[in-house]
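Subject: Handover of a model

Dear colleague,

Here is the model for your files. My notes on it follow below.

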Amino acid sequence: MYIYTQMELLDISQNEEENEKKSAKQSQDSKRKAKGTVSDDGVLRPVKLSKKELYKAPTVEELNQLKEAENLFHCSILKMQMEELLKEVALSEHRKKLVDSFVQQITDFLQCVPESELDDISWLAGVEVPFLLVPSTAKGKFHMEPPASINLVGSYPLGTCIKPKVSVDLAVTIPASILHPMDAINQRYSRKRALYLAGLARHLSFAKCVGSLHYSCLHGNRLRPVLLLKPPGNDSSKVTLRIHAIPPPDFLKPSRFHPQKNNIRTEWFTGVANTHSEPPTPHYNSTVLGDHLPLSHLQFLSAISAQCPAFGEGVALLKVWLRQRELDQGAGCFCGFLASMLMAYLLSTHKVGKTMNPYQLLRNALHFLASTDLTENGITLAKNPDSKPSLPEFHAAFSVVFVDPSGHLNLLADMTVFTYKRVSTAVESLQLCDKVIKLLKLMYHNLRNFRHLLWKTRQQRYCGRTSIFHGWEHLPNTLHADIPKSCIIVAGGQLDDVIACGIQNHTTGEEESLEVVQSYDDLSRKLWQLKDLPLSITSVQGAHQALRYTQVFPPVPVRLDYSFFEKKKNRLGLVPKENNPCPCYIAPIKVIVHMEGSGKWPSEPMAIRHVKAAFHICLRELLCNQHNYRCHATPGYLDVWKDGLVFRIQVAYHREPQILRESLTPEGMLIYRDNAEAQALELETLHKPFLTSTLHGLQQQYGCFGVVCRLAKRWLASQFLLEDIREEAADLLVASLFLHPAPFTPPSSPQVGFLRFLHLLSTFDWKNNPLIVNLNGKLTAVEQTDIKNDFVASRESLPTMFIVTPNDKKVSVWTKEAPSVQMLQRAVMLAAESLRVLETRLDSGEKQDMRVAFRPPLEAYDVLIHLDSKQVPLLAKAVDPPVNTFQRGTHGGQPYASGGALPVIDYDPVRLYLSELRDAFGDLALFFYDPYGGTVIAVLWKPNAFEPKPFKTSLMNARRVKVNDDVATTVPNVEAILQDFRIIGEGLVKRLELRTEKWVV
C-alpha cells in the first residue's frame, strides 16, 4: 500500500470523474441502457438486466481473462489487485500536463543562460559548487554559455515513471567549447560539470517558475551531483525535476575508461611523487563514463519497450516492489533505472517472452534475481563483448557486475555486496509465496491441528512471540509445506525471558505498561476536573519511564496481603512484621502538575516551596474527599494510592528555575547565574516530561520501540552500567535507531533492535561526533551542521558521551555527569563482546542460552558483597531468578481502585545500603550493582586509593597511620573498611568475598 498526498488523491479522483463521464456518454449511445440505476433521491440502485442478458454466454475475451486469472494469478482477486495497483501508481493526465508544462518552462529558461568568461568562482554570488575541491587546484579553464541541447531522459519519456514520488530527469548537454579532450584526468571534467551545474543553479534562482532549488547526489555518488527543482505553490509536492549536466555524445573515447586504467594521478591527488605504476581508478572511470550514456540508454530501452507491450507496466511493478522495501534508496541502491535495464536484459536474452503480461515479467525478474549471483557471475547487454572489457576484468574491479549495451560501463559499479544481498534475500522470501498457498490449503485440511494450536496459544495468551514460535515449531510436517525440519530455524523471541514481567502468565511487559498508562490517564482526567483549587491546573505531564513504555519492569498493580504487615498508628500506612522478607518494591510513578502563573506566587525560593507544600496538602484533601483515594502529602510531593499503583504528584511553578538563578550583587543589582539546583529542577519538571511525551509518541509509531529500550536497559543494568548510562540516555540511543536507521529500515522486532543497540554503542565514534537524535524532525540540516561544528570547536569541555536533541543542543543534559571516559570504554568493550556472543548463538540455529550476554564478568572486581536474597525486593527479576521466591506481602486478585492502607513505597534496602557506602567510602572505591534483582555488590578500589597521604587529623576517615623514617602518613585501613561493610549492612550482607590483595602496601 502507498500513502498519497492530498493533491495526488485529488488527481486520482479527477481521473475517475473523467472516466465516469466518458463511460456515461458511451452508455447513453449503447442500445442496452441501464434505466433506473440512480433513484430520485440520489441513491445508487442495482442495474436491472433481462433474463437473456443475465444468462448470456461469456465472450472469448472474458473466457481468456478467466483462464489467465486461474492459471497465472491463482485467483481473480490477485489479478484485480494487480490491475488496481497499476492504476494507482500510473501518472494521471493532469499530472502529465503539469510535468510537461514545468519541463517546458525550465527548458526555455535554460536556453537563456548568459555567456561569460570566468577566472574564479566569485561570479556565483553565494551559490555553492556541489563538489569537494580537494586538492584545491586543477588545470583547465572554464566559461559559461547556454546548453548545447536539453533532453528528457530516464523513466518519464520511457513511460515507467510511478507515483507517489515523481522524479523527472532532464539532461543538459555541456557545450563542447567548455570541455577539453584531457578533462578525463584528475577530476577536471567532474569539476567543470559541477561548475556548470552551479552556473545553472544561479541562473535558475531568478526563475519565477521554480519553487525550490537544491543539490543532491545521484544515488549517493558525490562525483555526480544533480540539481533538484520543484514548482512553486501547491504543485511543489507533485514533481521533482532532476537536472543532469552531461558531456556531448562521443566527446571522450569509452576505451579511455577501461576498469584497469588510471585517470587520477597519484602525484596530483596526494602531492607525493609516485615511483611505481599508477593504480587503476575503476569507480572514477565508471562515474565519468556514466555521464556519456543517458541518451543512448534511453534509445536502447525505448527500442526494447516497443517490442514488448507490457514492458512499462512490468517495470512499474518491479519499481513498486523495490520502493516498498526501500531497496531503491541510499548509496549504490537498486534504482528504477536498473530495474528497467534488468527487464531489458531478460527480454533481449529471451529469458522472458515479448507477449508476457506485467505479472509474468515481474515474477520472472524476481526469479532471476534470486537464482543469479551477480557478485560471482556478472551479465552483459553488449552484443560484441569480445571487443570490450571482459567480465573477469569487471569482476576484478567491482563487487557486482551488470554491463550496459555499450560494453564499457558497469551499471552496478556503486553497489556493494551487502546491498545486492539485501535485494536477493528480499526476493528469496517471496519465493515462499507458492509454498504459503500450498500451506494454506494443507492447513484447511488439517483444521483440527490448527485449532489445537490456536487453543494452545490462547491458553498462554500473551506469552507472545515465544509461545507462537513454539507452537509453530511443533506443528506436523505437513503444515510446513513439506519443508524439511532441518531447514526451519526459529529465530525470534529468545530474549523475551530476560524482561518477562509475570511469572504465571509470562507477560512481556506491554500489558503492564498499558495498564499504567490507562490508570495515569484516568488520574490526569480527575486532576483536571478537581474543584475548589486556589489556582487552576495548566498541565498534567507524566515523567516516568513506564508512561513511555520503556521501564524495564513496569509497575504492576498489586493487592496487599494485610497479614504480612502491621498498621501504623494513624492507620494510613503499613510496615512489614519483624523477621518477614523485604516487602515487594512499589515504584512511585512521577506526575508533574503545573499550576497557573499568578500574582499569588511569591518571588522567594523558600516561599515557593511552602506554597507548593500547601498545594500538595490541598490536592490530598480534594482527592480523598472527591474520589476516596488514599494519599500521603509531604513538602516535596504527594503520593496517591490508586488501582494498586502509586502515583507521585509533584507541583511545579514555571518561574521557579528562573527565580533560583536570581541573585543580588553587593551593589544591589539583580543578576542571573546558573546553578545545580535550578538545573536539577528543570530536569525534573521540564526535560523529563517533554522526553516522556515525545518517546510515548515514538512508541505509538513503532510498536517495538519500548521493548527494545527495555532490553537495552536490562543489559546495561546487568553489566553494572545503568548508573553511568542513565535510563533517559539509553532511551535516546534506542530512539536514534528508529529515527535514523540508515542504511537499514527501522527495527521491526525487539531482537533486531537490541542487536543494533549493541552495535551502535560499540562502534559509534563518541570522541569525534555527537549523537544527534532528531525528535519530531525539528532539527534542520543546517542546524545539524552547526551542532557538529560547535561540538568540534568545544570538544574538550563537553561530556564524553554527547547526545543532542532539539531541546538540548549544547549541554547534553542526560550525559553531562556520566559516563566517564573509563566507563564508556568499558561499555563499548562489553557491547562488542555481547554482540559477538549473541550473533554467534543466533546463527547456530540451535536453542542457546541467551542470558549469557546478560551475566556480568566479575573477575575484574576486588571485593564482592553477597547479599541476603530475602532482603532483595526485585529478586524475581534477576537475570537468573531462583526457582523459589519469597512471599512479599501481596497476593493474587484484582487490586482495589481506591481506599485501603498505604503500602511501603519506594523501599529498596539495597539501594539505601549502596547510598551509604558511597557516602562513606566513595573516595576510595567504586560500587556496582544490578538494580533488578542483583544479589552481589561489586567493589573496585580506585587506582590512587592506596597512595600514602600526609597525616592530617581531618582526613582520618577509614585510614590508619603508617610511620616510615619518622614521617607519618595515612593509608586506607582495609580491614576496618571491610568490617564497616558488614556493620552498615547488618541483616542485608550475607558474606564478603575478597578477590585481590592489592591493598597490601
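F705 has a relative accessibility of 0% and so counts as buried (under 20% relative accessible area; exposed is over 50%, partly exposed in between; 1.4 Å probe, protein chains only). F738, at 1%, counts as buried too. This is a predicted model, in which local features need pLDDT of at least 70 and side-chain atom pairs count only at pLDDT 80 or more, while totals for chains, interfaces and linings use all residues. Residues are numbered from 1 along each chain as its sequence is written, and side-chain values use heavy atoms, with hydrogens and water left out.

Aromatic pairs. Rings of Phe, Tyr and Trp (its six-membered ring) are paired if their centres lie within 6.5 Å; planes under 30 degrees apart are stacked, over 60 edge-to-face, and the rest tilted. The count is 21 aromatic pairs. F705 and F738 make an edge-to-face pair, because their ring centres are 5.6 Å apart and their planes stand at 85°. The two residues are 33 apart in the chain, with F705 in helix α23 (residues 705–718) and F738 in helix α24 (residues 727–739). Helices (H or I, at least four residues) and strands (E, at least two) are DSSP runs, numbered from the N terminus.

F754 and F757 are a stacked pair, at 6.4 Å between centres and 20° between planes. Both sit in helix α25 (residues 750–763), three residues apart, which means a separation of about one helical turn. F754 is buried at 0% relative accessibility, and F757 is buried with a relative accessible area of 0%. Together with W715 and F854 they form one aromatic cluster.

Helix α24. Its 13 residues should span 18 Å at 1.5 Å a residue, and the end C-alpha atoms are 18 Å apart, which agrees (the expected span is 1.5 Å times one less than the number of residues). Of the 13 residues of α24, 11 are buried, so the rest of the structure largely encloses the helix. Among the buried ones are E728, D731 and F738. The cover over the buried residues of α24 includes α22 (676–701), α23, α25, β20 (771–772) and β21 (803–804), where contact means heavy atoms within 4.5 Å.

The sheet. Three strands form an open antiparallel sheet in the order β26-β28-β27; strands pair if DSSP finds at least two bridges between them. β26 (949–950) and β27 (959–964) are the edge strands, each pairing on one side only. β27 is joined to β28 (residues 967–972) by six bridges, and R959 stands opposite P972 in β28.

Regards
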